[in-house]
Amino acid sequence: AEVALSFVLLGGAGLLMRSLQQMFAVPLGFTAQEAVTAYVSLPGARYQDSTRRRAFFAEAQARIGALPGVRGVAVASDLPVEGGTSGGIGITGMTVGPHERPVAEKRIVSTNYFDVLGARMVQGRGFTADDRTGNEPVVVVNETFVRRYLTDGPVIGRQIEFLFEIEGSQRIVGVVSDIKEQDLNVPPTPAVYIPVTHRSLSSAYLVVSVAGDPATHVPAVRRAVLGIDPLLPLANIRSMDDVILQRLSRERFATTLLGSFSLLALLLAAIGVYGVISYTVAQRRSEMGVRSALGASSGSIIAMVMRQGVTLVAAGVAMGVVVGLGATRVLRAELFGVGPTDLVSFASAALVLGAVAVAATAVPSWRAARVDPLTALRQD
């Protein structure tokens with residue numbers, strides 16, 4: 001029973017670990033993991049005017065961009081993988097039913113956002129200095145947006161309208177590769193990017209691409225912002241790697257918790273197997289002596305005792321397979337990229353238990369092989 005429980009827990013921990021590995025392998029759509037991110041919220045009393053808000057973020061980009069080791073600075077309404085605002089949109093020339101309204105993520109970003117993140121432009125162009133207030137409103141969409149909504153003709157030049165917050169038509173000027181905007185276990189969603197020069201932000205994230213350890217650049221970034229406004233603190237300062245890890249915190253906690261339980265169960269199973277085999281060897285001490293007296297080799301005695309331990313574990317594994325195939329289906333909602341009956345996870349659990357069985361029976365087997373025939377028979 002201990003072995004069966006250990007197998008179920010080890011198999012479940014293996015599934016979660018494999019799922020976590022699959023999440024880490026998900027393409028992010030950007031390469032700027034070595035980046036410092038910080039949240040800035042501009043007080044309404046001092047930054048009521050949109051021109052002043054734009055001026056603050058422009059100066060922040062200039063000051064931080066001049067720091068040693070900084071490759072680039074971007075501004076964004078939301079960070080990748082953390083989600084954001086989404087809503088209905090209208091697309092010129094696209095006819096839909098009343099319950100089929102297209103939906104897209106909305107991101108307001110600086111003109112250099114895609115360059116700083118290292119995202120790839122697929123069609124058209126990114127934003128330029130000419131995309132500012134007073135000129136034609138433009139947007140960039142991602143590949144998923146094109147695949148889902150714009151399969152019936154040219155993409156560049158199409159007009160879209162937001163049905164929330166932003167008024168007027170926006171012309172598509174470029175298509176960017178899919179950037180993972182939602183959780184890593186969520187498929188890419190349609191996204192629309194708007195230049196911050198067309199719509200000012202009262203709060204935004206600074207994304208600072210740096211060379212080396214992001215943590216070493218945090219004090220300089222903080223000083224640069226305080227140099228613009230001494231009363232404006234930076235909040236939620238993290239590296240982009242930390243942003244990704246925090247999005248996986250629930251999955252990492254579940255994997256760690258189940259892994260800890262499985263290791264505890266494995267230890268109990270090893271102690272149980274060792275105790276049972278040791279007790280059996282002690283009970284059969286006279287038998288071992290007789291076998292040795294009749295010419296049985298140490299190797300044959302060791303093999304006999306080892307078979308007993310391995311058979312015990314094999315029976316537990318067989319029981320665990322039956323229970324585990326049903327129990328791990330409870331984890332289906334927590335898994336990504338692997339199924340609840342993943343062969344690798346269960347085979348690994350069986351191999352670990354096999355190794356534990358060999359280790360737990362090694363000492364009793366060695367003791368059985370060293371039984372002195374005369375001493376054993378005299379005691380009998």
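This is a predicted model: local features need pLDDT of at least 70, side-chain atom pairs count only at pLDDT 80 or more; totals for chains, interfaces and linings use all residues.
Trainee: Which residues of helix 6 are buried, and on which side of the axis do they lie?

Mentor: The buried residues of helix 6, which spans residues 240-247, are Met240, Val243 and Ile244. An α-helix has 3.6 residues a turn, so residues three or four places apart point the same way.

Trainee: Which elements do the buried residues of helix 6 pack against?

Mentor: Two groups of partners can be named. Among the partners is a helix, helix 3 (113-117). The strands that the buried residues pack against are strand 1 (35-41), strand 10 (203-210) and strand 11 (235-239).

Trainee: Is Ser110 buried or exposed?

Mentor: Ser110 sits in the loop between strand 4 (103-109) and helix 3. Leaving out residues up to four places away in sequence, Ser110 touches Gln61, Ala74, Val75, Phe127 and Val196. Buried means under 20% relative accessible area. With a value of 2%, Ser110 is therefore buried.

Trainee: What kind of pair do the rings of Tyr39 and Tyr205 form?

Mentor: The whole structure holds nine aromatic pairs. In the pair of Tyr39 and Tyr205, the ring centres are 5.0 Å apart and the planes are at 55°, so the pair is tilted.

Trainee: How many residues apart in sequence are the parts that this pair ties together?

Mentor: Tyr39, at 27% relative accessibility, is partly exposed, whereas Tyr205, at 13%, is buried. Tyr39 lies in strand 1 and Tyr205 in strand 10, so the pair ties together parts whose separation in sequence is 166 residues.

Key. Residues are numbered from 1 along each chain as its sequence is written. Side-chain values use heavy atoms; hydrogens and water are left out. Buried means under 20% relative accessible area, exposed over 50%, partly exposed in between (1.4 Å probe, protein chains only). Helices (H or I, at least four residues) and strands (E, at least two) are DSSP runs, numbered from the N terminus. Contact means heavy atoms within 4.5 Å. Rings of Phe, Tyr and Trp (its six-membered ring) pair if their centres lie within 6.5 Å; planes under 30 degrees apart count as stacked, over 60 as edge-to-face and the rest as tilted.
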